[in-house]
Amino acid sequence: MTDITAPATASQPVLCVQHLGKTFGEHTVLKDIDFTVNKGDVICIIGPSGSGKSTLLRCVNLFERPTSGKIVFCGDDNACQNPRLLRQRVGMVFQNFNLFNNLNVLHNCTLGPRKVLKMGKTEAETLAKKYLAAVGMDSYLNAKPKQLSGGQKQRVAIARALCMGPQVLLFDEPTSALDPEMVGEVLSVMSDLAQQGLTMLVVTHEMNFARNVANRVIFMDDGVIVEQGTPQQIFDAPQQQRTKDFLSRS
Amino acid sequence: MIAILQEYIVDILIGVGYTMLVAVIGTVVGLAIGVLIGVYRTLPCPRNKAAKFFKRAGDWVLGAYVEIFRGTPMMVQAMVIYWGFALLNNGQTLNVTFSGLFIVSINTGAYMAEIVRGGIISVDRGQTEGAHALGLSHTQTMFNVVLPQALRNILPSVSNEFVINIKDTSVLNVIGFTELFFVAKDIVTQTYQTFRTYLLVAIVYFILTFGISMLLRLCERKMDGKQNFKLLGSQNLDAQSYALEAQND
């Protein structure tokens with residue numbers, strides 16, 4: 001893994017989360033979350049289970065409707081109103097892969113470009129093969145998801161998301177369902193993507209990944225952002241007691 | 001029994017033909033009705049107030065249809081529909097073949113509606129989210145991802161319905177539909193060989209249902225596809241060139 005310490009040079013905002021709040025009935029999950037994602041940022045969101053990390057991610061691509069505040073996708077006002085439009089630009093990779101079990105690896109990747117971007121068959125397949133090769137899954141084009149290991153499934157899921165040409169890619173605990181060996185193969189793919197300048201928002205429990213690949217780390221607890229900063233600031237010199245407690249245990 | 005078979009082979013074959021006609025068309029049309037209702041009932045609840053009202057009203061009507069047709073015997077439905085039509089049209093009865101097809105279809109549709117709905121629900125929600133995350137609409141997700149899997153999953157239940165239909169067409173004899181059972185009754189009135197005739201007919205029914213079961217089992221295996229897949233060769237060279245390309249982008 002390569003150590004990327006330099007933050008994005010000229011910061012160009014891609015996505016702004018503004019005073020975001022989310023409640024489920026009586027239960028408040030997110031309170032006044034406010035941050036900006038710049039082009040090329042790799043932001044890792046860490047924190048204990050139940051702190052609202054996944055809900056935050058699901059609000060960003062409007063799987064959950066924010067109760068208050070809003071998501072602003074810079075450069076495209078329409079996209080913020082229309083979930084389908086937003087999701088074409090903001091991709092998502094899930095903890096449980098969520099591949100389409102009825103389609104083989106190639107068609108998992110071409111479905112989005114063909115149906116949503118109205119791309120031709122050959123064009124979509126060329127694109128899919130390119131990204132499947134980038135994640136090292138190009139020899140499995142004909143395999144069905146059930147024939148793959150967890151790590152392989154997740155790499156296909158990443159390629160599937162990349163085929164839509166997203167401007168931001170969200171990762172919701174992408175390695176939590178994998179054994180240690182598979183975690184390695186998925187994280188190395190993600191590091192490659194980070195190096196190539198993909199803007200990423202990653203909810204993770206992999207502290208080494210956060211430390212080495214992210215250029216910004218957000219620590220969340222109980223629905224609020226407790227602390228955020230560079231990996232060095234968060235991991236080596238945390239300011240808040242809650243952050244210190246959490247990191248000392250992991 | 002052989003004698004009966006030899007003498008009435010033509011009548012029996014006609015009976016088999018009509019029985020299979022009603023069973024096949026009834027199951028296919030019933031499945032189509034089931035898919036339409038299943039898809040409608042699993043639509044996400046609209047936000048718009050008026051749309052929400054119409055969705056609820058539709059749900060209620062379809063729910064009533066399913067409950068009524070599942071909750072009454074098909075023989076009674078056949079009588080009510082056939083004679084009800086005659087009453088409303090001054091004694092003019094509906095064509096018997098059409099009535100038979102219609103009754104079996106809508107009766108099967110009521111069962112299929114629930115079977116399909118169950119099949120749709122059984123496809124895990126994650127895949128729907130995966131599709132939505134790519135920007136696919138609900139309809140696109142339904143037809144490209146959910147329904148193909150739902151239909152595969154419900155195939156055992158569908159073949160169950162098919163077998164039931166082959167046997168249950170016998171109740172259509174009450175409206176004078178010439179299916180296998182009607183033919184058998186006819187043979188008995190001419191030969192007085194009650195036991196032998198019905199035993200023969202039982203064997204014929206069994207051959208039909210068992211044959212169909214086998215055929216659908218084969219269908220299931222076909223739908224599952226190959227259990228293995230081919231690794232594409234010489235991928236290493238390609239992988240490198242693709243990786244380089246990806247970096248250049």
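Modeller: Contact means heavy atoms within 4.5 Å. This is a predicted model, in which local features need pLDDT of at least 70 and side-chain atom pairs count only at pLDDT 80 or more, while totals for chains, interfaces and linings use all residues. Residues are numbered from 1 along each chain as its sequence is written, chains are lettered from A in the order in which they are written, and side-chain values use heavy atoms, with hydrogens and water left out.

Biologist: What share of the contacts in chain A with a separation of 6 or more comes from residues 24 or more positions apart?

Modeller: Such residues account for 67% of those contacts.

Biologist: Why is chain A called as compact as a globular protein of its length?

Modeller: Chain A holds 10 helices and nine strands, where helices (H or I, at least four residues) and strands (E, at least two) are DSSP runs numbered from the N terminus. The radius of gyration is taken over C-alpha atoms, and the globule rule is 2.2 Å times the number of residues to the power 0.38. For 250 residues that rule gives 18 Å, and chain A has a radius of gyration of 18 Å, so the description applies. Along the principal axes, the C-alpha atoms fill a box of roughly 55 × 40 × 40 Å.

Biologist: How much area do chain A and chain B bury between them?

Modeller: The two chains bury about 3,000 Å², 57% of it on carbon and sulfur atoms; buried area is the accessible area (1.4 Å probe) that two parts lose on being put together, summed over both. Chain B gives 32 residues to the contact and chain A gives 36 residues.

Biologist: How do you know that A:Arg58 and B:Glu129 meet in a salt bridge?

Modeller: A salt bridge is a side-chain nitrogen of Lys or Arg within 4 Å of a carboxyl oxygen of Asp or Glu. For A:Arg58 and B:Glu129 the N to O value is 2.7 Å. The count between chain B and chain A is one salt bridge, and the whole structure has 13 salt bridges over all chains. A:Arg58 lies in helix 1 (residues 53–60) of chain A and B:Glu129 in helix 5 (residues 125–133) of chain B, so the pair joins two chains. A:Arg58, at 17% relative accessibility, counts as buried, and B:Glu129, at 13%, also counts as buried. A:Arg58, A:Glu64 and B:Glu129 are linked in a network of salt bridges.

Biologist: Which partner does A:Arg211 have in a salt bridge, and where do the two residues lie?

Modeller: A:Arg211 pairs with A:Asp236, the closest N and O atoms being 3.2 Å apart. A:Arg211 is in helix 8 (residues 207–213) of chain A and A:Asp236 in helix 9 (residues 231–236) of chain A, 25 residues apart. A:Arg211 counts as partly exposed at 33% relative accessibility, whereas A:Asp236 counts as exposed at 52%.

Definitions and conventions. Buried means under 20% relative accessible area, exposed over 50%, partly exposed in between (1.4 Å probe, protein chains only).
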